[in-house]
Amino acid sequence: MSTEQHDADAYGQELARISHHQHEATDARFMVFQALAAVGLSNEQADDVVAKLEAGAVAGAHTWISESSPPHGSEPRFEDGWFAGVRDVASYLLRIADTTANAGRGRAVSSAMLLAHLQQPHSPAPAEVLAEDPAPAPVPSVELDAKDVLAAAERFTWAVAAPGVRHWPDGSDFLDVALSTVCPEEREGYIERLEAFVEQHRPRLEEMLRTHGPGSKPASHGRYALIGQPETLVIVERMEAVPFLLRSAWEKEMETVFLDDLEFVWGPRIRLNR
């Protein structure tokens, strides 16, 4: 096995372990929000409690990193580089802890919305419907055509990569998962709302494509593969609107590392991959 192959395999194993911890954390956070709601805490109080716990976990990592030492017997120049690196990492962890302590707003509400969605009763089977109680006429449902949504996203050429350099010529699977979180009440006028969202966040989208899109240094390592895809405009809109629902739907259908990378770069108001 070549050194490059070994490094790639080791990195893949690291990603798998990180992904496992992230999934476990998402499930645990969901249960904590349920428990806090059950004892009467408001959504704002629950957000504060969970944000403080998560900030404390990052602070613990800061302490561990700050107290680490280079291997015994290292040369002075190596030690200088070691401590410089430790200071940089520790400073970054401190910023993450500060952000985590103050950026957890809205997660309890989103968790409650997901729980309510999961607890919705299923429609009874035909055999369960009494003959003397005819079913009411179905309410007309607006269909959301994935091709129309994709065509709208592709019009924002400053936010997506050129077709020839995209990672996937056809990203329909990603689009289908994202659109599955658009509830029937949202479908009418969804394309117009998506267009307004993209225009509102134009600077962020342009910067994300520039720094992590195809041809960028981060993308050269095989990461951030969703950035530059037109489908990603829908994904980030859903990431802001219904983060818990998107994460739940994604974990059932897709490899989560793609969504984790996108969350890291986009920096949504509710981040679920910490």
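Colleague: Leaving aside its neighbours within four places in sequence, which residues is S68 in contact with?

Modeller: Contact here means heavy atoms within 4.5 Å. By that rule, and with those neighbours set aside, S68 is in contact with W82, F83 and V86. Before we go on, this is a predicted model: local features need pLDDT of at least 70 and side-chain atom pairs count only at pLDDT 80 or more, while totals for chains, interfaces and linings use all residues. Residues are numbered from 1 along each chain as its sequence is written, and side-chain values use heavy atoms, with hydrogens and water left out.

Colleague: Where does S68 sit, and between which helices?

Modeller: Helices (H or I, at least four residues) and strands (E, at least two) are DSSP runs, numbered from the N terminus. S68 is in the loop between α2 and α3, the latter covering 76-102. A polar atom of the S68 side chain lies 2.6 Å from the backbone oxygen of I65.

Colleague: And how do I read the span of α2?

Modeller: The expected span is 1.5 Å times one less than the number of residues. Helix α2 runs over residues 43-66, which is 24 residues, and it reaches 34 Å from first C-alpha to last, close to the 34 Å expected.

Colleague: Which residues of α2 are buried?

Modeller: Buried means under 20% relative accessible area, exposed over 50%, and partly exposed in between (1.4 Å probe, protein chains only). In α2 the buried ones are A46, D47, V50, A51, E54, A55, V58 and I65. As background, an α-helix has 3.6 residues a turn, so residues three or four places apart point the same way.

Colleague: How many helices and strands does the protein have?

Modeller: Twelve helices and zero strands. Buried residues make up 36% of its 274 residues. Of the contacts with a separation of 6 or more, 76% come from residues 24 or more positions apart.

Colleague: How should I read two packed helices, say α11 and α12?

Modeller: Packed helices are described by the angle between their axes and the distance between the axes. The axes are lines fitted to C-alpha atoms, for helices over the stretch in contact, and angles run from 0 to 180 degrees between N-to-C directions. For α11 (residues 243-253) and α12 (residues 256-266), the axes come within 9 Å and cross at roughly 150°. Angles under 35 degrees count as roughly parallel, over 145 as roughly antiparallel, 65 to 115 as roughly perpendicular and the rest as oblique. So α11 and α12 are roughly antiparallel to each other.

Colleague: Which residues of α11 and α12 meet?

Modeller: L246, R247, W250 and E251 in α11 meet T256, F258, L259, D260 and E263 in α12. Ala, Val, Leu, Ile, Met, Phe, Trp, Tyr, Cys and Pro count as nonpolar, Asp, Glu, Lys and Arg as charged, and the others, Gly among them, as polar. This contact divides into four nonpolar, one polar and four charged residues.

Colleague: Is α12 mostly covered or mostly uncovered?

Modeller: Mostly covered: eight of its eleven residues are buried. F264, also in α12, is partly exposed at 42% relative accessible area. F264 and Y224 are 40 residues apart in sequence, with their C-alpha atoms 9.3 Å apart.

Colleague: What about α5 and α6, at what angle do they cross?

Modeller: Helix α5 (residues 146-154) and helix α6 (residues 172-179) cross at roughly 105°, with axes that come within 11 Å. That makes α5 roughly perpendicular to α6. A146, V149 and L150 in α5 meet L175, D176 and L179 in α6.

Definitions and conventions:
A polar contact is a pair of N or O atoms within 3.5 Å; within protein, one must be able to donate a hydrogen and the other to accept it, and residues adjacent in sequence count only if both atoms are side-chain atoms.
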